[in-house]
Amino acid sequence: MDAAPSVDKSWEELWSWSQADPRGLVTHTFQLQAEVRRLRDAAAQNSRNSSRPPSTDPPEQPQPKSLRQKSGRKPGGQPGHPGRTLELSDSPKHIQIHPLLECACGEDLSREPALDFQRRQVFDLPSLKLECTEHRAEIKECPGCHETVAAAFPAEVKAPVQYGKNFRALLAYLYDAQEGASLRIREMCAEMFGYAVSEATLQAARQEQHDALEPFENRLVDILPQEPILHADETGVPINKVQHWLHVLCTPLLTFFAIHLSRGKEAIQAIGIIPRFTGWLMHDFLSSYLGFENCLHTFCKSHLMRELVFLFEQHHQAWAQDLYNLFLAMLECVQDRRARDAPLTEQEYRAWQQQYRSLLKAGRRANPATPEQSARRRPKQSKAQNLLDRLEGYDDCILAFLWELDLPFTNNEAERAFRMMKVRLKISGCFRTLAGARRHARIRSYISTLRKHGLPVLEYLRHALDDRPFLPQPAKST
């Protein structure tokens, strides 16, 4: 295998090169400049000017600058916010009477009747312990056939000794809802309840929960294609040292996770939701989504704006900053029109579109094709040129939020859905089996959907074990 040519050349070697082959030296210099530019760009990228996650930011990075503008509101609860605080209960479970035995003047009050009471209430946990219920099946002798027969136990009582459904639902809740490490959950059970559950018991409880949620997952697969807007995203998930992909499809009320070896079209076809979807699909420009022409496409503006931040901060391209500010102005206009239920007219939309396209022309002037690129059939482009291709080629999809006021500006709905899954990976490092990853994905789909509906997670995990999982309703057609 041939070694790469060295770039470490002495002054004498460079001088000799310039005398013998000046054109070759200039070409070499341009190549080094391109490499330096590439390395500088890579070093300057972080979570606020690229698609890199915050976890990859080096510790010496400056404090992040939010892409959000100041709202002018004070921190804390805003006017109209309902607030949450403890309130007096009308039916306390326990009542303690504190007698008044003596007046401040010294008079004995022990025999005087109470006129009224002042009330204060303390909300606390009862002592945590497992209650044992013994099931006894009667054994009798039949007077007719004289056979000894026994009554049947309830279907859920399968072993001489076992944990009940409430406790098994709690195990799944601690692992999948609170993302607890299995060792800590078992330690918690030993310390709080006096029973040290095994790893097998914990995983069996989660598998039971996974199986009980199959009707819920089937319902999501049925109703998500009926939604008017879907958010889609994907992120890498290591499973036993093999890269897999976690896919999410979600709305403000529904969350669906799926694990697949592929990131692209093969996975999308296997999941089977997007091929049947006819509404607006919000995503981050993954080309595999664009191949599905049965739905409308729109794109996350936050991703585009982070790339614009990189161009005007690192490459000092004024058009990128102007386009960034134009997106913010568009968003402010749309928020105002949405509040007033006053869609933009065709003329107003064209005015915004004209400003947008004018800035893209300025971007092309700032990033012309180099002679080397012009000489090639499929030249390698700069990040700015690739961004301009997307901004020009999909301008109507990018600006669709101006005339379709229900469309979101960003794909944050999908990105938020990933956060707790990433917490699980930070705790565990990876999933050891594909079955384990899919188990967690289904249970997390259920938990996320419950929380979006404001439902108590532990209670509805328990309902699922009674074959009564929460089954969301499809979106109302308009």
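Colleague: Which residues does Asn411 touch, not counting residues up to four places away in sequence?
Modeller: The structure is a predicted model. Asn411 lies in the loop between α14 (395-398) and α15 (412-428). Leaving aside residues up to four places away in sequence, Asn411 touches His231, Ala232, Asp233, Met282, His283, Asp284 and Cys300.

Colleague: Is Asn411 buried or exposed?
Modeller: A residue counts as buried when its relative accessible area is under 20%. The relative accessibility of Asn411 is 0%, so Asn411 counts as buried.

Colleague: Which backbone oxygen does the side chain of Asn411 reach?
Modeller: The side chain of Asn411 takes part in a polar contact of 3.4 Å with the side chain of Asp284. That partner is a side chain, as the contact joins the side chains of Asn411 and Asp284. At 2.9 Å, the side chain of Asn411 reaches the backbone oxygen of Ala232.

Colleague: Is Glu179 buried or exposed?
Modeller: Glu179 is found in the loop between α3 (165-177) and α4 (182-193). Its phi is near 55 degrees, a positive value in a residue other than glycine. With a relative accessibility of 3%, Glu179 counts as buried.

Colleague: Is Asp341 buried or exposed?
Modeller: Asp341 belongs to the loop between α10 (318-340) and α11 (346-366). Phi of Asp341 is near 50 degrees, a positive value in a residue other than glycine. Exposed means over 50% relative accessible area. The relative accessibility of Asp341 is 67%, and therefore Asp341 counts as exposed.

Technical notes
Residues are numbered from 1 along each chain as its sequence is written. This is a predicted model: local features need pLDDT of at least 70, side-chain atom pairs count only at pLDDT 80 or more; totals for chains, interfaces and linings use all residues. Side-chain values use heavy atoms; hydrogens and water are left out. Helices (H or I, at least four residues) and strands (E, at least two) are DSSP runs, numbered from the N terminus. Buried means under 20% relative accessible area, exposed over 50%, partly exposed in between (1.4 Å probe, protein chains only). A polar contact is a pair of N or O atoms within 3.5 Å; within protein, one must be able to donate a hydrogen and the other to accept it, and residues adjacent in sequence count only if both atoms are side-chain atoms. Contact means heavy atoms within 4.5 Å.
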